[in-house]
Amino acid sequence: MTSAISIPNTRPANVVAASASPTTSPIHDRMLFRKESTTFSIRQPKVLHPVENEDLRLLILENISQEAVKAFRAQGFHVDHYTKAMSEDELVQKIGSYHAIGIRSKTKITERVLKAASKLLVIGCFCIGTNQVDLLSAAKAGIPVFNSPFSNSRSVAELVMSEVIALSRQYFERAFEMRNGIWNKQSKGCWEVRGKTLGIVGYGHIGSQLSVLAEAFGMRVLFHDVVNIMPLGSARQVESLEALLSESDFVTLHVPELPETTNMISKEQLAQMKKGAYLINNARGKVVDIPALIDALKCKHLAGAAIDVFPAEPGSNGAPFDDQLNPWASALRSIPNVILTPHIGGSTEEAQRMIGEEVSSALIRYLNYGTTIGAVNFPEVDLRAITMDEPNHVRVCYVHSNIPGVLRQVNEALSPYNVEKQYSDSKGEIAYLMADIADVSPTDVNSLREQISKTSANILTRLLA
């Protein structure tokens with residue numbers, strides 16, 4: 001192993017350099033030779049030394065999986081782990097000393113927070129949604145955002161199926177009565193789910209898994225999505241939301257929070273649902289007009305509902321869910337056969353473990369390698385690993401404005417060296433270039449970094465060596 005490069009403590013503005021090369025990556029694994037014969041030697045990835053000797057500090061909030069914390073600490077990162085979310089003011093005070101942050105759904109990363117995050121390199125959302133982050137402002141600051149789009153899909157799908165049965169059998173009400181010492185055995189208004197129609201709005205990772213589970217229960221499945229999708233099993237796509245609402249006994253929502261999905265289920269859509277149908281929302285709190293839903297339940301047009309997400313949610317366990325938080329909370333709580341849960345769709349041991357593994361791996365690959373595969377707001381770029389038989393190599397990670405002439409400036413700075421690998425991509429106003437440069441002496445590192453960081457479009461420059 002070679003000696004670490006000695007670098008002065010001074011750092012140009014908006015230039016960050018850090019870290020060590022990881023040993024695995026989807027692309028890297030495919031590019032390295034497999035040990036299929038003793039005739040061939042395996043090209044081992046080179047362990048890179050930090051160009052600057054500043055320890056990477058991570059702020060992990062909202063009781064994220066301890067497996068993720070262990071993974072970060074195994075890389076030598078300093079990790080501060082908190083069980084609760086932080087307010088915007090708390091983040092503004094703290095975030096300036098951290099290079100990465102991990103959050104779930106309650107912590108909001110706003111433009112104001114990002115302006116205070118002078119060292120921040122990457123954001124990890126340990127959940128599916130990313131609407132709690134100002135994605136555009138993060139990208140403009142050179143900060144990729146990673147999430148976990150797959151890991152809790154099964155947990156949410158199973159919760160929906162349990163709610164379908166609980167609503168159709170009213171056993172949530174019967175259990176509450178028993179806990180209050182009331183025996184109330186009845187079958188009126190209770191149904192088998194076999195033969196009933198489930199309408200799924202949004203046929204993505206969760207919706208498609210739910211489709212399979214529902215058919216296993218003997219349900220007929222319809223779905224509506226903004227794109228044409230090949231159905232699983234016997235599910236059928238319908239052309240309009242109105243058609244789905246009018247045919248379904250149960251309607252379940254699985255859409256992101258976007259301007260076009262805000263209040264997508266309101267008075268008009270609820271009126272289109274079958275009398276005696278049920279509405280289930282485990283998507284985002286703002287996609288349902290809750291006051292309109294309350295009216296539909298009180299007039300008995302709908303027979304019940306299950307709601308796991310709300311427009312405003314408490315910041316911590318034990319906090320009240322009352323009319324100060326949402327003005328209709330007490331009215332919703334008073335209606336029979338309404339299941340209210342505290343945003344637990346992905347709250348299983350299995351889901352949280354997988355989310356922790358998926359997002360922590362993405363953050364580690366970015367901090368150590370510069371790879372942005374899977375980023376939701378950033379160009380997706382990766383290079384194969386620098387190997388042990390490639391000494392004096394430096395990896396350039398260059399985030400810049402997507403304007404003409406930038407690559408010419410960068411390549412002029414790189415022209416004295418042999419560029420072994422280079423890849424660039426853009427997304428909107430942001431572009432990202434990675435390049436591996438050979439035969440760079442320790443004395444050249446500062447000069448190379450300074451030249452690249454002074455290019456007119458520079459947002460963030462990191463060198464890994």
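This is a predicted model: local features need pLDDT of at least 70, side-chain atom pairs count only at pLDDT 80 or more; totals for chains, interfaces and linings use all residues.

Trainee: What residues of α8 meet α6, and how many residues of the contact are nonpolar?
Mentor: From α6 come S153, R154, V156, A157, E158, V160 and M161, and they meet H205, I206, Q209, L210, L213 and A214 of α8. By class, this contact has 3 polar and 2 charged residues, and the nonpolar count is 8.

Trainee: Where does G189 lie, and which residues does it contact beyond its sequence neighbours?
Mentor: G189 is in the loop between α7 (171-179) and β6 (197-201). Its relative accessibility is 30%, between the 20% and 50% limits, so G189 counts as partly exposed. Leaving aside neighbours within four places, the contacts of G189 are S168, Q170 and Y278.

Trainee: Is Q132 buried or exposed, and what does it touch?
Mentor: Q132 lies in the loop between β4 (122-125) and α5 (135-140). Its relative accessible area is 4%, under the 20% limit, so Q132 is buried. Its C-alpha is 6.3 Å from that of S105, 27 residues away along the chain. Not counting residues up to four places away, Q132 touches I103, R104, S105, T107, K108, I109, C125 and C127.

Trainee: Which residues of α11 are buried, and what do they pack against?
Mentor: In α11 (residues 290-298), the buried residues are I290, A292, L293, I294, A296 and L297. The residue K300, with a positive phi near 70°, follows this helix. The packing partners of the buried residues are α10 (267-272), β10 (277-281), β11 (302-307), α12 (329-333) and β12 (338-340).

Trainee: Which element gives the largest share of the largest nonpolar core?
Mentor: That core has 34 residues, and L58, F72, L367 and Y432 have the most contacts inside it. Two or more residues each come from β1 (57-60), α2 (66-74), α13 (349-369), β13 (394-401), β15 (430-438) and β16 (458-464). The largest share is 7 residues, and it comes from α13.

Trainee: How many residues does the second, separate core have?
Mentor: Among its members are L253, V255, A283 and L302. In soluble globular proteins, nonpolar side chains tend to be buried together. The second core has 32 residues.

Trainee: Is L463 buried or exposed?
Mentor: L463 is found in strand β16. Its C-alpha is 8.3 Å from that of V445, 18 residues away in sequence. The relative accessibility of L463 is 0%, so this residue counts as buried.

Trainee: What are the phi values of E62 and D439, and is each residue buried or exposed?
Mentor: Most residues other than glycine have a negative phi. E62, in the loop between β1 and α2, has a positive phi of about 65°, and D439, in the loop between β15 and α15 (442-453), has a positive phi of about 60°. With 7% relative accessibility E62 counts as buried, whereas D439, at 57%, counts as exposed.

Trainee: How far apart in space are E450 and A413?
Mentor: E450 lies in helix α15 and is partly exposed, with a relative accessible area of 36%. In sequence, E450 and A413 are 37 residues apart. From C-alpha to C-alpha, the separation is 9.6 Å.

Trainee: What percentage of the contacts join residues at least 24 apart?
Mentor: The protein chain has 15 helices and 16 strands, and 50% of its 465 residues are buried. The percentage refers to contacts between residues at least 6 apart in sequence. Of these, the part joining residues at least 24 apart is 67%.

Note on methods
Residues are numbered from 1 along each chain as its sequence is written. Side-chain values use heavy atoms; hydrogens and water are left out. A nonpolar core is a set of buried Ala, Val, Leu, Ile, Met, Phe, Trp, Tyr and Cys residues joined through side-chain atoms within 4.5 Å. Buried means under 20% relative accessible area, exposed over 50%, partly exposed in between (1.4 Å probe, protein chains only). Helices (H or I, at least four residues) and strands (E, at least two) are DSSP runs, numbered from the N terminus. Contact means heavy atoms within 4.5 Å. Ala, Val, Leu, Ile, Met, Phe, Trp, Tyr, Cys and Pro count as nonpolar, Asp, Glu, Lys and Arg as charged, and the others, Gly among them, as polar.
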